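Hello,

Here is the structure I said I would pass on. Please have it open while you read the notes below it.

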Amino acid sequence: METKKKKSLASRIPARVWLLISFAVAMGVWYLLSIIPQTSRGFPNVVVTIEGLITMIQRGAFWQDLSSSLISVFGGYALGFVIALPVAILMAWYLPVRNILNPWIQFIRNIPPLAYVPLIVIVSGVGRRPQIIVITIACFLTMCVTIYQGVVNVDETLIKAARVLGAKDRDIFVRVIAPATLPFILTAVRLGASVALTTLIAAESTGAEAGLGMRIRALASLYESAPMLAYVIVIGIIGITLDNIIKLLERKLTGWQEKREI
Amino acid sequence: MAGEARDLKLKIDNVRKVFHTRSGEMVALNGVSLDIYENEFICVVGPSGCGKSTLLNIIAGLTDATSGAVYCNGKAVTGTGTDRGVVFQQYALFPWLTVKKNVMFALEMKGIKGKQAQELAMQYLAKVDLEKFADHYPKELSGGMKQRVAIARAYAADPEVLLMDEPFGALDAQTRTQLQSELLETWERDRKTCFFITHDVDEAIILSQRVVIMSARPGRIKDIIDIDIPYPRTQETKMTPRFLELKNRIWSQVYQEYLEVRK
Ligand SMILES: Nc1ncnc2c1ncn2[C@@H]1O[C@H](COP(=O)(O)OP(=O)(O)OP(=O)(O)O)[C@@H](O)[C@H]1O
Ligand SMILES: [Mg+2]
């Protein structure tokens with residue numbers, strides 16, 4: 001009874017207000033962190049942090065870092081997707097492809113990218129190229145596995161239903177398998193975005209000239225925690241923005257689905 | 001029944017189907033032969049696993065027979081064809097298409113496009129009383145409504161034979177009798193050849209002209225019983241003495257098979 005009552009009270013508060021409450025709580029925690037002596041060195045307060053960011057902008061570093069990171073992230077992400085899509089379909093359709101590739105995809109997927117970054121730098125030198133390669137690999141692995149699941153899990157009865165209605169192989173691919181896989185592709189796109197960002201830091205440990213991840217390392221060695229924290233938050237904002245854009249796309253494109261939570 | 005006077009639509013000729021499973025060979029069907037005539041309504045009953053769906057899949061061309069053959073209009077079946085439509089137990093509607101577009105899918109596969117397809121689709125939906133739901137997605141429909149759409153879609157393809165695999169099996173008793181009545185009405189009107197699988201002996205008798213009883217391990221035809229109750233039939237027909245007599249006769253045979261399977 002008791003909990004039910006509480007729940008109904010909480011559920012009467014609209015989502016927007018909850019967002020505000022959540023934001024206020026976070027700001028409170030941040031403030032506490034900034035005044036507790038043990039944590040204050042790493043967590044300067046809001047004003048100092050924003051000042052840190054402004055300094056970086058004035059130094060001309062921020063926009064350069066941001067654009068450099070975004071180019072790497074989107075480059076690697078797009079490449080990863082373009083490779084993952086056909087590979088996943090081939091894996092789903094051809095047993096030999098699946099049996100040869102799948103164990104290694106699983107194997108490499110479980111290695112943190114940071115571990116194999118040096119190898120890639122040795123092969124491809126420093127600069128933009130290794131960054132994109134690392135992000136491509138990480139995105140490819142995640143997206144390939146997810147899309148593969150989608151293609152494999154297409155309901156067999158739907159293919160049969162299409163076939164008995166006279167659908168040819170091409171119709172089945174375009175009009176059944178593609179739309180049935182779309183939700184998984186969008187999930188892959190969403191997971192890929194988050195992987196691309198998390199891999200960014202590893203990718204920029206390759207002697208990048210600019211970049212959010214590279215700058216955080218550089219600032220860390222100088223104990224400049226204000227701009228560092230600002231950069232960390234910027235990465236978070238990019239992540240959540242991407243996530244929400246893709247979720248919006250999912251709602252628009254796959255609203256026909258029965259409830260499914262991932 | 002004077003079968004020879006009518007056109008032979010489907011000929012199932014000594015069909016055998018063996019599945020190769022991890023635990024060895026499994027004979028799902030053996031020596032199944034059956035002639036189905038034009039305009040005939042045939043129901044197949046039998047215990048679970050006796051090969052009813054396997055037989056339907058072979059007729060539909062979704063599965064190959066290990067030996068034997070199926071002929072439709074005298075031509076050997078080698079794959080799916082638009083002369084044979086299928087209604088599945090799990091509806092098999094495309095969830096990403098609206099009700100209307102699901103029906104249009106069938107029309108488009110026949111080369112009917114655009115406005116004409118839209119209008120025709122609405123006509124087929126009107127027949128199952130679902131025009132109002134034309135723009136809804138399948139997830140927004142009840143089970144009975146989904147199956148109506150699936151039936152409308154099957155009709156839109158305008159096959160010569162309708163193959164139905166327990167189409168009402170997942171529905172509650174009330175919806176089930178409702179859809180039976182609708183199907184009866186439709187069939188009495190157009191007399192499209194139907195091959196209908198069910199677990200429900202009442203359903204088999206009320207709908208069909210002949211009930212095929214199958215037995216398991218390996219699946220084969222045990223008996224074929226003529227249902228000599230005249231059409232039009234209604235749900236009240238289920239209370240007539242002749243119906244009950246036939247029901248007893250079929251049920252006792254089916255029940256024996258259930259016992260066999262449980263052993
Ligand atoms: N693809 C398959 N591979 C192996 N065995 C199969 C396959 N499909 C069916 N079988 C086996 O063949 C037998 C007949 O199956 P089928 O689905 O035709 O039975 P059914 O009469 O339709 O049963 P139900 O009434 O439960 O639907 C079963 O024993 C089943 O396990
Ligand atoms: Mg079955």
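**A buried glycine in chain B**

Gly219(B) is buried, because its relative accessible area is 1%, and the cut-off for buried is under 20%. Please keep in mind that this is a predicted model. Gly219(B) sits in the loop that joins strand S9 (210–215) to strand S10 (220–226) of chain B. Its C-alpha atom is separated by 5.5 Å from that of Ala28(B), although the two residues are 191 apart along the chain. Leaving out residues up to four places away in sequence, Gly219(B) touches Val27(B), Ala28(B), Leu29(B), Asn30(B), Val32(B), Cys50(B) and Met214(B).

**Two helix pairs in chain B**

Helix H2 (residues 99–109) and helix H3 (residues 114–127) of chain B pack with their axes 9 Å apart, at an angle of about 115 degrees. Angles of 65 to 115 degrees count as roughly perpendicular, so H2(B) and H3(B) are described that way. The crossing of H2(B) past H3(B) is right-handed. On the H2(B) side the contact is made by Val99(B), Lys100(B), Val103(B), Met104(B) and Leu107(B); H3(B) contributes residues including Ala117(B), Leu120(B), Met122(B) and Leu125(B). By class, the residues of this contact are ten nonpolar, two polar and one charged.

Helix H4 (residues 143–156) and helix H5 (residues 173–190) of chain B pack at about 20 degrees, and their axes are 10 Å apart. H4(B) and H5(B) are therefore roughly parallel to each other. Their crossing is right-handed. From H4(B), Gly144(B), Gln147(B), Arg148(B) and Tyr155(B) meet a set of H5(B) residues, among them Gln178(B), Glu182(B), Leu183(B) and Asp190(B). The contact of H4(B) with H5(B) has three nonpolar, five polar and three charged residues.

**Between the chains**

What does Glu108(B) contact, apart from its neighbours within four places in sequence? Arg175(A) and Lys113(B) are its contacts. Glu108(B) belongs to helix H2 of chain B, and it counts as buried because its relative accessibility is 17%.

For the interface as a whole, chain A and chain B bury about 1,900 Å² between them, with 72% of it on carbon and sulfur atoms. In chain A, the residues that lose the most area to chain B are Val164(A), Leu165(A) and Trp256(A), which together make up 39% of what that side buries. The contact involves 19 residues from chain A and 23 residues from chain B.

Regards

Technical notes. Residues numbered from 1 in each chain as written. Chains lettered and ligands numbered in written order. Predicted model: local features only at pLDDT ≥ 70, side-chain atom pairs only at ≥ 80, totals over all residues. Heavy atoms only, no water. Axes fitted to C-alpha atoms, helices over the stretch in contact; angles between N-to-C directions. Helix = DSSP H or I, 4+ residues; strand = E, 2+ residues; numbered from the N terminus. Parallel < 35°, antiparallel > 145°, perpendicular 65-115°, else oblique. Left-handed = near helix turned anticlockwise from the far one by under 90°. Contact = heavy atoms within 4.5 Å. Nonpolar A, V, L, I, M, F, W, Y, C, P; charged D, E, K, R; others polar. Buried < 20%, exposed > 50% of the residue type's maximum accessible area, 1.4 Å probe, protein only. Buried area = accessible area lost by both parts, 1.4 Å probe.
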